[in-house]
Amino acid sequence: MNLRRRYERKQTAAALLFLAPALSVLAAFFVVPVAAAFLMSFTDFDIYGLGDLSTVRFIGFRNYLRILETPLFWKALSNTFYFVVIGAPLSVGVSLVVALMVNARMARFKGLFRTIYFLPVVTSLVAVAIVWRYLYHPAHGLLNHALGWLGIGPVDWLGDPNLAMPAIIFLAVWKNFGYNMLIFIAGLSNIPDDLYEAARMDGASGWRQFVDITLPMLTPTTVFVVMLTLIGYFQLFAEPYVMTQGGPLNATLSVVLMMYEQGFRWWNMGYAAAIAFILFAIILFFTLLQMFIQRRVEA
Amino acid sequence: MKPAVRSWLLHAGLSIVAVLTMTPTVWMVAASFMSPGEASSTPPPFLPAHPTLEHYAALTDRLHMPVYFFNSFLIASSVTLVSLLANSMAGFAFAKYRFKGRDRTFRLLLSGMVVPAQVTMLPLFLMMKKFGLVNTYVGAMVPGLASIFGIFLIRQFVRSVPDSLLEAARMDGAGEFRLYRTVILPLCKPILLTLALFTFMGMWNDFMWPLIIMTDDARYTLPVALANLMGEHVLDLELMMAGSVITVLPVVILFLAFQRHYVRGIMLGGVKE
């Protein structure tokens with residue numbers, strides 16, 4: 001008994017030593033800042049607070065109330081939802097279609113195609129946003145030149161408030177579809193072949209096989225991919241920062257870009273912290289929704 | 001439809017998507033070799049008439065690109081090394097030791113993944129300011145020094161290591177740390193490589209935190225420098241493309257060289273308990 005107790009104590013001591021570096025880093029630079037941000041969102045921390053902490057006062061929910069009364073925040077929120085609601089399904093849809101094509105039995109050079117499709121995922125977002133900014137140029141951009149062949153006149157993609165966000169969505173889909181494609185390919189290869197064999201014996205068409213076998217078997221993967229994409233897309237920042245600075249007429253201002261500008265350009269840190277927590281609340285909601293749906297799907 | 005026609009359609013589709021996917025990147029490389037102003041002429045050329053290296057030379061000689069490259073490399077590789085050590089130790093502890101509250105702590109850690117990084121940035125900046133770490137390499141590294149995803153990845157992997165292997169080493173008188181160094185680390189090589197790739201590429205491409213913490217031009221990482229360069233040189237398209245090539249090339253090479261290991265990380269990240 002005594003020996004066993006000593007063994008357990010030794011195990012605990014070793015485990016604590018192994019955990020100490022990672023957990024102290026996470027505690028100091030993750031847990032503490034999250035808690036601090038929460039407290040900060042209830043203060044009037046601004047540029048004076050930056051110089052002298054004693055000027056900072058608790059102001060209750062006033063930051064949150066002010067944010068909800070700011071038309072610009074609603075603009076940023078609706079822009080972000082626009083990006084998420086159109087961009088994420090489009091992104092996932094393209095990923096699924098491409099995954100089905102690459103995974104088709106008769107497809108050749110699968111590895112090569114997969115690599116080509118995946119490459120944009122690893123590139124730096126800032127670099128490709130700059131490339132696309134030039135591709136979208138109204139006079140010299142390749143895109144308008146190509147559209148010219150089809151008889152479509154020059155379009156000011158990033159200068160038109162109605163088109164700037166679709167242009168950013170298009171860039172995001174181009175950059176990201178390879179990632180979800182890989183997850184879909186993995187999901188597809190997990191579907192047992194004999195299901196398709198049996199369907200073929202019953203004379204089911206390719207379309208019927210897709211609707212009756214592929215889609216249902218892929219549902220857990222799809223739920224996972226959709227939520228992963230939603231959560232990532234809510235954090236839209238670098239594309240508008242580099243391509244449009246949130247313009248034209250704030251048409252591409254995102255929640256994170258607004259938080260960045262309030263916090264790090266105007267030093268309204270209490271106000272910015274409240275914006276960050278509203279974003280967190282939205283992401284949390286969708287994460288919980290995913291867990292709920294996943295449980296339903298798997299049950 | 002005849003199988004031959006279907007196959008032809010499928011490969012046409014695959015090729016069109018491939019061309020669409022590659023066009024921006026290929027054009028970026030081509031334009032970086034064009035003479036100043038060439039890419040903006042009408043009709044826009046796709047290939048340089050007289051390839052030139054002058055933009056690469058300008059970036060190297062006048063615009064401090066080697067400094068930014070060094071900054072990016074130093075930050076990304078240091079974070080990779082340190083976080084690999086911290087994450088693998090913690091992942092090992094969660095996988096192979098029995099202690100009170102282990103599972104609860106681990107679950108709590110996992111739930112932390114819900115919190116978007118942007119939430120931490122305001123207080124983190126104030127902390128760094130207090131410690132005098134604004135505009136320093138250490139300040140830029142701090143948020144990456146340990147990662148929940150990394151710990152999770154290692155733990156899943158180490159759980160598949162049979163306990164008998166550890167017991168055998170203990171019988172031979174190995175201490176716990178030697179166990180980690182001589183048994184666990186060598187076995188973990190593939191997952192460590194995967195995690196190293198993820199960490200390095202993630203840090204290399206990271207934008208928001210270096211943008212916040214690096215206030216002085218000399219400390220910028222490549223993405224921050226590039227975004228900043230855009231302000232002054234927006235009209236120098238060819239120069240900006242050369243800068244983008246330099247920023248993108250190292251990670252693309254890394255990915256092509258270790259593709260298999262990188263892809264495994266995505267698969268493991270998608271697998272639930």
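# A tour of the contact between chains A and B

Chain A and chain B bury about 7500 Å² between them, with 82% of that area on carbon and sulfur atoms. The model is predicted. Start by selecting the two sides of this contact: 81 residues come from chain A and 90 residues from chain B. On the chain A side, pick out Phe18(A), Phe29(A) and Tyr134(A), which lose the most area to chain B and together make up 11% of what that side buries.

Now colour helix 1 of chain A, residues 2–40. This helix gives the largest share of the side of chain A that touches chain B, 21 residues. By class, that side has 67 nonpolar, 11 polar and 3 charged residues. Between the two chains there are 0 salt bridges, but 10 residue pairs are in polar contact, counting pairs with both residues at pLDDT 80 or more.

**Stop 1: Thr115(A)**

Select Thr115(A), in helix 5 (residues 110–122) of chain A. Which side chain of chain B does the side chain of Thr115(A) meet in a polar contact? The partner is Gln259(B), at 2.8 Å. Show also Phe255(B) and Leu256(B), which Thr115(A) touches along with Gln259(B). With a relative accessible area of 13%, Thr115(A) falls under the 20% cut-off and is therefore buried.

**Stop 2: the nonpolar core and Trp27(B)**

Next, display the largest nonpolar core, which has 203 residues. Those with the most contacts inside this core include Tyr117(A), Ile130(A) and Phe264(A) from chain A, and Trp27(B), Met241(B) and Tyr262(B) from chain B. Helix 8 (residues 164–189) of chain A supplies the largest share of the core, 15 residues.

Centre the view on Trp27(B). Leaving out residues up to four places away in sequence, Trp27(B) touches Val131(A), Tyr134(A), Leu135(A) and Leu142(A) in chain A. Within chain B, its contacts under the same rule are Pro45(B), Phe46(B), Leu237(B) and Met241(B). Tyr134(A) was already selected above, as one of the residues that lose the most area to chain B.

**Stop 3: Pro45(B)**

Neighbours within four places in sequence aside, Pro45(B) is in contact with Trp27(B), Met34(B), Glu38(B) and Ala39(B). Draw a C-alpha to C-alpha distance from Pro45(B) to Met34(B): they are 9.3 Å apart in space and 11 residues apart in sequence.

**Stop 4: salt bridges**

The structure holds 9 salt bridges over all chains. Side chains of opposite charge can pair when their charged atoms come close.

In chain A, select Arg265(A) and Glu261(A), whose side chains meet in a salt bridge at 3.5 Å, N to O. Both belong to helix 12 (residues 255–265) of chain A; they are 4 residues apart, so about one helical turn separates them. Arg265(A) is partly exposed, with a relative accessible area of 43%.

In chain B, select Arg170(B). Which residues does Arg170(B) join in one network? Salt bridges with shared partners link Arg170(B) to Glu167(B) and Glu176(B). The closest N and O atoms are 2.9 Å apart in the bridge from Glu167(B) to Arg170(B), and 2.9 Å apart in the bridge from Arg170(B) to Glu176(B). Glu167(B) and Arg170(B) are 3 residues apart in helix 8 (residues 163–171) of chain B, so about one helical turn lies between them. Glu167(B) is partly exposed, at 33% relative accessible area, whereas Arg170(B) is buried, at 17%. Glu176(B) is buried as well.

Methods
Residues are numbered from 1 along each chain as its sequence is written. Chains are lettered from A and ligands numbered from 1 in the order in which they are written. This is a predicted model: local features need pLDDT of at least 70, side-chain atom pairs count only at pLDDT 80 or more; totals for chains, interfaces and linings use all residues. Side-chain values use heavy atoms; hydrogens and water are left out. Contact means heavy atoms within 4.5 Å. Buried area is the accessible area (1.4 Å probe) that two parts lose on being put together, summed over both. A salt bridge is a side-chain nitrogen of Lys or Arg within 4 Å of a carboxyl oxygen of Asp or Glu. A polar contact is a pair of N or O atoms within 3.5 Å; within protein, one must be able to donate a hydrogen and the other to accept it, and residues adjacent in sequence count only if both atoms are side-chain atoms. Helices (H or I, at least four residues) and strands (E, at least two) are DSSP runs, numbered from the N terminus. Ala, Val, Leu, Ile, Met, Phe, Trp, Tyr, Cys and Pro count as nonpolar, Asp, Glu, Lys and Arg as charged, and the others, Gly among them, as polar. A nonpolar core is a set of buried Ala, Val, Leu, Ile, Met, Phe, Trp, Tyr and Cys residues joined through side-chain atoms within 4.5 Å. Buried means under 20% relative accessible area, exposed over 50%, partly exposed in between (1.4 Å probe, protein chains only).
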